[in-house]
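Dear colleague,

I am passing on the structure below, together with some notes on what was found in it. Please read them with the structure open beside you.

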Amino acid sequence: MGSRGLGVVAGFIVGSVASETIAETERPVVLVRSANGTGKPPDGGRASGPVVAGLDIRQPCDNLLVFAFEEAAHRDTTLIVVHGWTPPPILSYSPALNPGIQSEIAYAITTTLDEMLSPWRDRLADVHVEPRAPIGQAAAQILHAATDAALVVVGRRIRRSDFGGHIGPIAHALMHHSISPVAVVAHD
């Protein structure tokens, strides 16, 4: 789906059609914005950048990983997989008491991330994968990793409700703030 190219500021506002389509569909939807009304993305040189995927390690994301790996393989580029995390508030005093606690948590997260990526690395061995688990708000960390991305891939859980579909806060933030095209992939 494209934007209307209403200018720099308005071009970053995702319209109701795109938002509702993403919330209701179970197929991947790619949003490509045009900042200047020419029908081209704001930075035409992005076609050669990496594919960046935001990954939640607390749930299976097979649809998202298939899409991200296949896009990286098709584009013959690096796949950067990001899981941003924030230490739990209860640990706010722990670094003073146990300086290694943050390193232990980071190691556990990185290990889980590697385990989730392992089957896909085996299936698509030609894809160079860079897993990252930076500390910080997930959406901000994905946006930071995607500064020169050809495509950003993010998941959206399928939620069936009488009130319609739902777009999570990370997908919502990327849809509104990424200058790269954003693929939103629905998964259970």
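Strand β5, which covers residues 151-157, is mostly covered, with five of its seven residues buried (buried means under 20% relative accessible area, exposed over 50%, and partly exposed in between, with a 1.4 Å probe and protein chains only). Strands here are DSSP E runs of at least two residues and helices are H or I runs of at least four, numbered from the N terminus.

This is a predicted model, in which local features need pLDDT of at least 70 and side-chain atom pairs count only at pLDDT 80 or more, while totals for chains, interfaces and linings use all residues. Residues are numbered from 1 along each chain as its sequence is written, and side-chain values use heavy atoms, with hydrogens and water left out.

Strand β2 (residues 51-54) runs parallel to β5 and is joined to it by three bridges, where two strands pair if DSSP finds at least two bridges between them; in this pairing V51 stands opposite L151. β5 also pairs in the parallel sense with strand β6 (residues 182-187), over six bridges, and there V154 stands opposite V184.

Turning to the helices, the axes of α5 (residues 138-145) and α6 (residues 169-177) come within 9 Å and cross at roughly 40 degrees, the axes being lines fitted to C-alpha atoms over the stretch in contact, with angles from 0 to 180 degrees between N-to-C directions. The contact (heavy atoms within 4.5 Å) is made by A138, A139, I142 and L143 of α5 and I170, A173, L174 and H177 of α6.

Best regards
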